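This report considers a protein from its overall build down to the packing of individual helices. Please keep the sequence and the model at hand while reading.

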Amino acid sequence: MRNPFKPSAGTNPPELIGRSGVLATFERGLSERSGGLDATVITGARGIGKTVMLGAAEDLARGRGWGVISETATQRLAGRLQEWIPRHAEPMGRVITVDEIHAVNRRELIQIGADLENLANDGQHVALVVAGLPALVDELLSDESAAFLRSADRIVLRNVPVDDVEESFARTFAGGGFETPAKALRQAAEATEGYPYLIQLVGYHLWREAGDGHGLTAATAARAIGRAQARIARTDLT
Ligand SMILES: Nc1ncnc2c1ncn2[C@@H]1O[C@H](COP(=O)(O)OP(=O)(O)OP(=O)(O)O)[C@@H](O)[C@H]1O
Ligand SMILES: [Mg+2]
């Protein structure tokens with residue numbers, strides 16, 4: 001079996017650990033919508049899982065029959081959204097996600113706010129979900145151009161529970177045909193501190209170290225943790 005762990009930005013992990021509460025809140029928001037524009041702002045440190053969370057919210061919305069527009073705040077975002085929206089009339093409503101919202105051009109943001117409010121005033125259901133880095137998003141929200149985002153729901157993503165990491169490792173490694181001794185799993189899960197990027201790095205290296213018949217042991221876990229930590233040390237997480 002191929003290594004299922006995905007230690008790179010924006011890629012779906014084998015299991016979305018510890019986010020069922022956040023998704024349930026999002027789902028409740030969708031089902032309780034009465035019309036108008038609803039906005040949600042997701043913040044969290046680098047590698048905490050913002051992009052993956054946007055993807056999970058999109059999947060959930062699609063499954064409920066909502067139209068989904070998935071965007072990133074690069075140049076000409078306002079223009080792209082304007083092109084999308086009229087061509088995709090949705091009886092149910094639309095979920096628009098914008099990743100890296102902190103990078104949005106302020107003048108474009110004013111345009112986007114006006115366009116979305118027009119849609120909402122037409123009685124269309126629009127749910128906007130944006131994600132970005134905490135300090136930069138705070139700075140953005142204090143700008144006049146982001147006035148329409150100030151009443152948004154806020155979700156702050158944090159590290160996930162280490163117990164959930166351990167259970168997930170147990171399932172994923174068992175699914176790969178490995179024996180899953182509790183001690184080695186615990187050691188690996190604790191080393192991640194529940195930080196999503198590190199979960200994938202440790203899982204990835206553990207899978208490699210445990211392969212070729214070495215199995216999950218204290219020794220292979222220690223080697224995997226060492227490699228994951230060395231990789232993190234070389235990663236720019238600012
Ligand atoms: N809930 C989760 N459980 C397990 N792994 C996760 C989870 N969320 C994200 N990951 C993994 O963590 C890594 C970082 O995820 P992602 O790229 O979504 O973070 P981000 O917050 O968008 O980072 P950045 O600020 O750099 O854009 C990826 O390898 C992803 O597979
Ligand atoms: Mg991201």
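Predicted model: local features only at pLDDT ≥ 70, side-chain atom pairs only at ≥ 80, totals over all residues.

Residues are numbered from 1 along each chain as its sequence is written, and chains are lettered from A and ligands numbered from 1 in the order in which they are written.

**Overall architecture**

The domain assignment, which is automatic or from a database, gives domain 1 (20-156) and domain 2 (162-233). Taken over C-alpha atoms, the centres of domain 1 and domain 2 are 35 Å apart.

Nine helices and five strands make up the secondary structure; these are DSSP runs numbered from the N terminus, with H or I of at least four residues for helices and E of at least two for strands. The order from the N terminus is α-β-α-β-α-β-α-β-α-β-α-α-α-α.

**Helix packing**

Two packed helices are described by the angle between their axes and the distance between the axes. Here axes are lines fitted to C-alpha atoms over the stretch in contact, and angles run from 0 to 180 degrees between N-to-C directions.

| Helix pair | Angle | Axis distance |
|---|---|---|
| Helix 7 (residues 182-192) and helix 9 (residues 218-233) | about 15° | 8 Å |
| Helix 8 (residues 196-210) and helix 9 | roughly 135° | within 8 Å |

Helix 7 and helix 9 are therefore roughly parallel, the class for angles under 35 degrees; over 145 counts as roughly antiparallel, 65 to 115 as roughly perpendicular and the rest as oblique. Their contact (C-beta atoms, placed from the backbone, within 7 Å) involves K183, A184, Q187, A188 and A191 of helix 7 with A218, A221, A224 and I225 of helix 9. Seven of these residues are nonpolar, one is polar and one is charged (Ala, Val, Leu, Ile, Met, Phe, Trp, Tyr, Cys and Pro count as nonpolar, Asp, Glu, Lys and Arg as charged, and the others, Gly among them, as polar).

Helix 8 and helix 9 are oblique to each other. Helix 8 contributes L198, L201, V202, H205, L206, E209 and A210 to the contact, and helix 9 contributes T220, A221, R223, A224, I225, R227, A228, R231 and I232. By class, this contact has 10 nonpolar, two polar and four charged residues.

Definitions and conventions
Contact = placed C-beta atoms within 7 Å.
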